[in-house]
Amino acid sequence: GSVLSLSLLYYVKSFGTSIGSQANIRLNRPLARTLLLPAPRTVFPKLEASSKAQRTYLSLRVALPTHQFFETARISMLRENSISRIRHALSSQASQEDVPVTPPKLWNIPNILSVARVVLVPVFIASFYYSGGEMLTTSIFLAACITDFLDGYLARKWNICSPFGAFVDPVADKLMVSTALILLAGAQGPLIAIPTAIILSREIAVSALREWMAELGQRSSVAVGWSGKVKTACQMIALTGLLASRSALWSPLYNISYSLLMVATLLTMFSGSQLFAAAWPTLSRRG
């Protein structure tokens with residue numbers, strides 16, 4: 001009987017320690033003292049189980065009160081379930097890592113829309129000097145503005161962003177806007193030429209700043225902010241109105257569009273100053 005009690009104490013203690021390490025549970029001293037006492041075989045009937053787990057189960061079922069037994073069994077089941085879930089998650093992650101990721105196609109719809117804006121620039125210039133081509137010129141520029149928003153939206157929605165798209169999208173935008181500003185400045189003189197010079201000078205300076213910061217690995221510090229996005233929107237709306245009303249100077253549409261162009265010019269200087277202020281600690285660093 002003493003030998004049997006000592007063996008059961010070993011199984012109970014080993015089982016309780018493994019469970020207690022997970023659930024902060026330890027066997028109490030009264031229970032340990034009870035298990036150390038010699039016990040007749042009638043207290044542990046039919047301990048003929050072949051496996052260690054079955055012997056531990058029978059030992060706990062007899063020795064522990066009912067509520068402690070079921071609490072210990074519940075913690076053991078939770079522990080086993082947690083281990084199985086971790087193994088399943090690791091196996092699922094390994095299987096996912098083995099699947100190769102297909103890169104997005106180069107000639108997808110967003111990239112085609114961006115390249116189409118670049119191709120439309122010569123057509124836009126020709127329509128500007130074509131007699132009676134105001135509607136055609138305005139339509140081409142308006143289509144370029146719509147596709148400028150659409151290509152980025154579709155690329156993000158379909159998760160097909162690509163390095164080529166990230167490069168050609170801002171290039172197409174700047175080509176179309178710069179061409180419209182230069183054409184209007186040539187047709188209407190200093191009225192449009194002055195804001196054109198300010199806007200283009202800012203674009204050249206900011207492009208050089210971003211290229212230099214990218215070489216230093218700090219491209220994110222001069223990313224496009226809210227003022228730059230509002231500036232671009234004001235530019236496109238203003239230029240659309242100015243192109244549509246270029247033969248009717250000082251009409252209501254022309255006045256509104258010219259006012260928006262002035263707002264865009266102010267936002268151009270403000271956003272440019274923000275970018276240079278963000279990059280100034282790097283620019284002023286010695287060595």
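1. The largest cavity holds about 40 Å³ of space. This is a predicted model: local features need pLDDT of at least 70, side-chain atom pairs count only at pLDDT 80 or more, and totals for chains, interfaces and linings use all residues. Residues are numbered from 1 along each chain as its sequence is written, and side-chain values use heavy atoms, without hydrogens and water.

2. On a 1 Å grid over the protein atoms alone, a cavity is a set of points where a 1.4 Å probe fits but cannot get out; a pocket is an open set with protein on both sides within 12 Å along at least five of seven lines; lining residues have an atom within 4 Å of a point. Points join across faces, edges and corners, and a volume is the space filled by probe spheres set on them. The whole structure has one cavity of 30 Å³ or more.

3. Which residues line the largest cavity? They are Arg117, Phe141, Ala144, Cys145, Asp148, Asp173, Met176, Val177 and Met236. H6 gives the most, four residues. Helices are DSSP runs (H or I, at least four residues), numbered from the N terminus.

4. The cavity lining has six nonpolar, no polar and three charged residues. Ala, Val, Leu, Ile, Met, Phe, Trp, Tyr, Cys and Pro count as nonpolar, Asp, Glu, Lys and Arg as charged, and the others, Gly among them, as polar.

5. Now the largest pocket. About 1,400 Å³ of space lies in the largest pocket. Its lining has 49 residues; Asp169, Pro170, Asp173, Lys174 and Val224 lie nearest its centre. H7 supplies the largest share of this lining, eleven residues. The pocket lining splits into 21 nonpolar, 16 polar and twelve charged residues.

Key
Helices (H or I, at least four residues) and strands (E, at least two) are DSSP runs, numbered from the N terminus.
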